[in-house]
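Please keep the structure open while going through the numbered points.

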Amino acid sequence: MSRKKIIDNLALIALFSLLSTVVFSEEYSLEDLNEFKNSGLITTEDYNLLKAELLGENKDGEALFTLSLNDKINNPGYSLRRKEDKLYFSLLDFFKTIEFNNYSIKNEKLIMKLGKSLEEITIDMKSKRVFISRTNKSYKITDENIFTENSDFFIESSLFKEMFLLNLDVNENKLLIKGDLNFNPPFEIDHYLNRSRERLLEENSRNRILYTNDNSLFDVGYLKTRFNTEFSKSSGEKSFDSNWNGSLDYRGNLLYGEFNTSYDVKIDELGDTYIYYPDIWKNHSLEFGSYGTVSRELGLSFRKEKGYFIENDVITIRESVPLGSKVELLYMGFPLDVMNEENGFVEFTNREIKRDRDYVLRVHTDDGRIYDIAVNTARDFNLQNAGQVEYNLDIREEHDSENYNFAGNIYYGITDNLTVGLGAKKVTEYDVYDRKQSVVASMGELVYSNTIFKNPYTIALGGEYVEDNRYSHNLQTKFDIYNFSFYNAYYTYGDYYNESRSAEYSVKYTPFSGYSFDYNYRVNEYYEDSTTIDYDYGVSIYKSLMKDLLLTADVRKGRDLKHEYSIYLNYTGFHNFNTSLQNLWTNDGRDYNTTLSFTNKNFWETVDFSLDFSYSNRSENSISVRFTIDYDNFINFGFSKEKGGAESYNLGVNRIIDLKNVTANIESMDSSRVEIITFVDSNDNYKYDEGEELVENVAVEIGSQKVVTDEEGRASMYGVPNGILYELKPRIKKPSYSMGNNVILIKGKNTGTITAHIPITPLTNLEGFINLDDFEELSEELKNEILENVVIKVTHKERKLEELTMPDEMGYFEISELFPDGYNVEVIYLGDDFDIPNLSEQIKLGYVENNPQKFVFNVTKNKIALAKKKKEKI
């Protein structure tokens, strides 16, 4: 149909609408068109054309919808296919709409990787499967959910939503499709990357200055005072007995290490006294000192911290933590136990600590800092990576024999799979005649680890040798195959020992998360032809229920072990409390013990308390209650009461004193002092040089502490927690000074003093003059027109726009509060009367007290030039 004919028909339609009192517009409805056709005002051809325009159909008769995604992406010409009352989305048109290109098609397989997390969706037309990694679901492809046409994929609406959308609304009357993507579209990722790049460039351009405290030969440290009074009585007694105890703990710098000692005030005894060098080399720590109370013994150790150790199949988790800390033992996010540190360490021996599990120690320091330590109790066989080395050395004086015992070994990674270990030890023994002798043993070990068909295995072969009949050899293997874990150990001994050989076989089956079955078998053979056999087996369940409830249950039985049952419930749903219920049945269930505990988990708050109720059917004091409270790490109170009448009450004080400032409020001995010195960095080298001006009245914040520098530019802070990277936040009250692009960081490592020099950048002014002496013949009015068309643009050397300005009617201009640095100055003439090229000049602004930087720009009819004499008098 010609365009003229369409126009004629539209005119007839308008006339008809006018006569019918129907106001005709471009928003005519399908009912109007049907009435026009039925009235014979338009032909069938006209009707189909106008209907297609109205419904937004393409040339093939498919409806054109507006596709709106995330209320940001719109495609007004998106087509939907309809087959047997089902709607199908064109995949390639969808990709074009969101400008998505991270997909590939090969061998009838389409692989897409969506969003920042690169979640994968695969459409495999050969195997007829769709896999969605986000939901870990697979769908069979049928003609009803996916069909292909012209190299495009058409996906049924419900499956399309499952693949790409959080929600979907198709309004066929309004020809509108609305939905929200379940992944980040490319433009959002590009925006995120651009912002990240901008932030990274901005961060990289900042000058970071880090200050810390190095250990010193000697520096006075902290004294922790603990005194406690207890009143108690036993069952059946009416009067209370009183008792008291007190101790002093000291930590400070000595011989470039951490010096620690303690003193029991009541019994007048000195405790362990030692110097500790944490992480002195590749996670190895060094410690030497005098240990014990009555019998002092010298000792030295150099070791790599393991996090846990095993003795007689009992696993103990041990870690060094800041003094004064409280530590939670977490499993699957639930606290199993809470302990206070002792001498800078914490140890957990708990029935719930099992092999091959991941635990977390959540450390709550006195100052409110919280951090986690991950502990995995899997057998590591001292494996090392290629080139990695581990040392373990212990030397200890034995008071009774007046000798020194020694034990040391070294493990070195030949490759990532092979580790070799060598070691020796010397101990003091006594023969049958009570004669003292030193025995030296040597050790060697090879450990190999690899995988077979992605299943890991480890083989360890080692031995210890003293003399001909005094030796032992061992072979250990560990294999993990699917849900099974196998561990075997074989030992053979020389005839010096009673045992000739021993073996251990263990198998653990974990069919799915939260359940495990294990069996352990042990056999020992002796030279006198006797053999002992032992075994045990059990079932463990550990499940997180209702998000806030952890259930752990164990059933065990052995050859010489009667049935044991345990159920442990831990609930964290209360806002401020952890609640746990421990139940243990032993002796085939005849003996029963249960404990209900409440512990507040806001350890960083002012008040810390715990409340326990216990019951045992085998104890005389079958019911007991225990309560403790600690206020602000200063005053603590506790009591316990049992069914038989036994009671105890205690009241004490706990205070840390900085011996350099006894009035300072110190919350932890694992903290540092900070001495702040603010100075004018006149030569821009970020270092304090002798004679540079000190700046007073600068406010500096670290966490919740805030100080102001005195007239000498100095201020001090006390009790700043160690191990945390703090950014100092100076606030300069003088308007002519700035921090510039500097970031001042501190991180404490010991009890010493951190000296933080904060460079203050003085701001300067740029003054200029536009010299028009070359235009002497022009009137003042025309000269003013030239000045009105001159713009001065000053940018930082990093291309950051600083200022745009114009000269006044005399030709002067000024830009204030600029950092002393390099800048680019552009003088631009915007007028039409003269053809004057622009000037771009690099300048260096320095700092001269009370003397701004002055520049003269000579403007002629041919050019603009900077006067050679930069400090020309204006």
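**Notes on the model**

1. Asn474 is found in strand S33; helices (H or I, at least four residues) and strands (E, at least two) are DSSP runs, numbered from the N terminus. Is Asn474 buried or exposed? With 15% relative accessibility, Asn474 counts as buried, where buried means under 20% relative accessible area, exposed over 50%, and partly exposed in between (1.4 Å probe, protein chains only). Apart from neighbours within four places in sequence, Asn474 is in contact with Ala460, Leu461, Gly462, Gly463, Tyr490 and Tyr491; contact means heavy atoms within 4.5 Å. One of these, Leu461, belongs to strand S32.

2. A word on the source of the values. This is a predicted model, in which local features need pLDDT of at least 70 and side-chain atom pairs count only at pLDDT 80 or more, while totals for chains, interfaces and linings use all residues. Residues are numbered from 1 along each chain as its sequence is written, and side-chain values use heavy atoms, with hydrogens and water left out.

3. The overall figures come next. The protein has 874 residues, and 40% of them are buried. Its secondary structure comes to 7 helices and 63 strands. Of the contacts between residues at least 6 apart in sequence, 46% join residues at least 24 apart. The accessible surface is about 48,800 Å², and carbon and sulfur atoms account for 50% of it; these areas come from the Shrake-Rupley method with a 1.4 Å probe, and for residues only the protein chains shown count as cover.

4. Two or more of its residues come from each of strands S31 (436–452), S32 (455–467), S33 (470–481) and S34 (484–493).

5. In soluble globular proteins, nonpolar side chains tend to be buried together. Which residues touch the most other members of the largest nonpolar core? They are Phe94, Met112, Ile123 and Phe164, in a core of 34 residues. A nonpolar core is a set of buried Ala, Val, Leu, Ile, Met, Phe, Trp, Tyr and Cys residues joined through side-chain atoms within 4.5 Å. Not counting residues up to four places away in sequence, Phe94 touches Leu69, Tyr78, Phe160, Phe164, Leu181 and Phe183. A second, separate core has 26 residues, including Ile815, Leu818, Phe857 and Ile864.

6. Strand S47 (residues 671–680) is largely enclosed by the rest of the structure, because 9 of its 10 residues are buried. S47 pairs with strand S50 (residues 714–721) in the antiparallel sense over 6 bridges; two strands pair if DSSP finds at least two bridges between them. Ile676 stands opposite Ala715 in S50. S47 and strand S55 (residues 753–762) run parallel, joined by 8 bridges. Here Phe679 has Pro759 in S55 as its bridge partner.

7. The whole structure holds 24 salt bridges, each a side-chain nitrogen of Lys or Arg within 4 Å of a carboxyl oxygen of Asp or Glu. In one, the closest N and O atoms of Asp219 and Lys660 are 2.9 Å apart. This pair links distant parts of the chain, 441 residues apart: Asp219 is in strand S14 (residues 218–233), and Lys660 is in the loop between strand S45 (647–658) and strand S46 (661–666). Asp219 counts as buried at 11% relative accessibility, whereas Lys660 counts as partly exposed at 45%.

8. Arg522 forms a salt bridge with Asp536, with the closest N and O atoms 2.8 Å apart. Asp536 lies in strand S37 and Arg522 in strand S36, so the pair ties together parts that are 14 residues apart in sequence. Asp536 counts as buried at 13% relative accessibility. Salt bridges with shared partners join Asp518, Arg522, Asp534, Asp536 and Arg556 into one network.
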